[in-house]
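Subject: The structure for you to look at

Hi,

Here is the structure I promised to pass on. Have a look at it first, then read my notes below.

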Amino acid sequence: MSDRIFNFAAGPCTLPLPALEKAQSEFVNYQGLGTSIIEQSHRGKAYDAVHNEAIANLRSLLNVPEDFDILLLHGGATLQFVSIPMNLAKEGQSADYILTGAWSKKAAAEGKRVPGYKVIWTNEDEKFTRMPLAADIKPSDNASYVHLCSNETIGGIEVQEYPDCGNVPLIIDASSHIMSQPIPFDKVSMVYAGAQKNLGPAGLGVVIIKKSLVESANMDIPAFLSYKTHADNGSMYNTPPVFSIYMMKLTLDWVKENGGVTGMSALADQRSKLIYDAIDSSEGWYNCPVDKNSRSRMNIVWRLPSEDLEKKFIAEATEAGFSGLKGHRSVGGVRASMYNAMPVEGAAALAKFMADFKKNNS
Ligand code: PMP
């Protein structure tokens, strides 16, 4: 389809074309039922199969151990900022947060509501340009959990070493890199993500949580916010976001057909190398502020010599068929978000555009 552009938006963003086309082809009359899937009862056979296959895909692709529940929830990743302290912060214990950028700060803003809130590591003074090393992270003795955002979408940093928190549950917000690399379930007790980058449409939140954490979670909270409610009801306590889950199922079918997480990781290496090489070979003209060891493969950020040049870069890039490159409004500059469905050709074309733009403007 030649009228598709290269979309570098941070999310919602590019989804796999075969998944979109499959949805299009079966949308109006799903499997001969005479209705679309979003007009079927969520308790009916057709949707039930979609729901279970979506969960099965997540489990097999991410190698989720049997002692973890997979929950499909409303409210994106942001609802989890609230649900985590409500469910998991225990009285008399600390709730440990690692601050690495805008998204971990948003999660922490909700953590602050519990008396045990504690920041155990931050590099705000270095403008969040790197992730901590595993050895930097020491959970408090009595922590209920440690929270880490494993890929900061705005700052463009990605964890390279997952901390070993011993008996303290490590919770990661993997919204912007889930399904692009294996998750170390030996170190991580809960993973959550908004779906709209690597998994499907917005609004859906995926929570992968150790069953023992669900069982020991606080129960004196509203039923809808309780992990136990959703685990006990197979993520069908109320009407689930059926369209988003259906699209996630199709997106994950595509991931499966394209080498699973190993295949996605190889693509992420190729795409990100093309852009980082374009930056590094520019002798500082393009400047990525991120420490080389913390560079994200999903969200690449850089500056140009002036804001006027940045504006010109984005305008000409848009003209050339690259969308979504404007840096987040809080930091400015340029950001290329390249999730699983971004073709390597998109990164190659952007790298060439960068080289040409520099030649014409320096
Ligand atoms: N965490 C991270 C790392 C994100 O990038 C985002 C969205 N960009 C969120 C949380 C919030 O996700 P949602 O909009 O689905 O609530």
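Predicted model: local features only at pLDDT ≥ 70, side-chain atom pairs only at ≥ 80, totals over all residues.

Residues are numbered from 1 along each chain as its sequence is written, and side-chain values use heavy atoms, with hydrogens and water left out.

Back to the ligand. D173 has a polar side-chain atom 2.6 Å from a ligand nitrogen. For K197, an N or O atom of the side chain is 2.9 Å from a nitrogen atom of the ligand.

Now zoom out. The protein chain is assigned two domains, domain 1 (18-256) and domain 2 (260-361); such bounds come from an automatic or database domain assignment. Their C-alpha centres are 27 Å apart.

How do the two domains meet? In contact terms (heavy atoms within 4.5 Å), 25 residues of domain 1 touch 23 residues of domain 2. Together they bury about 1,900 Å², with 55% of it on carbon and sulfur atoms. Buried area here is the accessible area (1.4 Å probe) that two parts lose on being put together, summed over both. On the domain 1 side, I154, S180 and W254 lose the most area to domain 2, together 27% of what that side buries.

Which kinds of pairs cross between the domains? You'll find 13 residue pairs in polar contact (both at pLDDT 80 or more), but zero salt bridges. A salt bridge means a side-chain nitrogen of Lys or Arg within 4 Å of a carboxyl oxygen of Asp or Glu.

The structure as a whole does hold salt bridges, 16 of them. One of them pairs E26 with K22, with the closest N and O atoms 3.4 Å apart. These two are four residues apart in helix α1 (residues 17-26), so about one helical turn separates them. Helices (H or I, at least four residues) and strands (E, at least two) are DSSP runs, numbered from the N terminus.

Two backbone details to finish. G11 and P12 are joined by a cis peptide bond, with omega about 0 degrees, and P12 is in the loop between β1 (6-7) and α1. Q31 is not a glycine, yet its phi is positive, about 45 degrees; you'll find Q31 in the loop between α1 and α2 (45-61).

Cheers

Conventions:
Polar contact = N/O pair within 3.5 Å; in protein donor to acceptor, adjacent residues only side chain to side chain.
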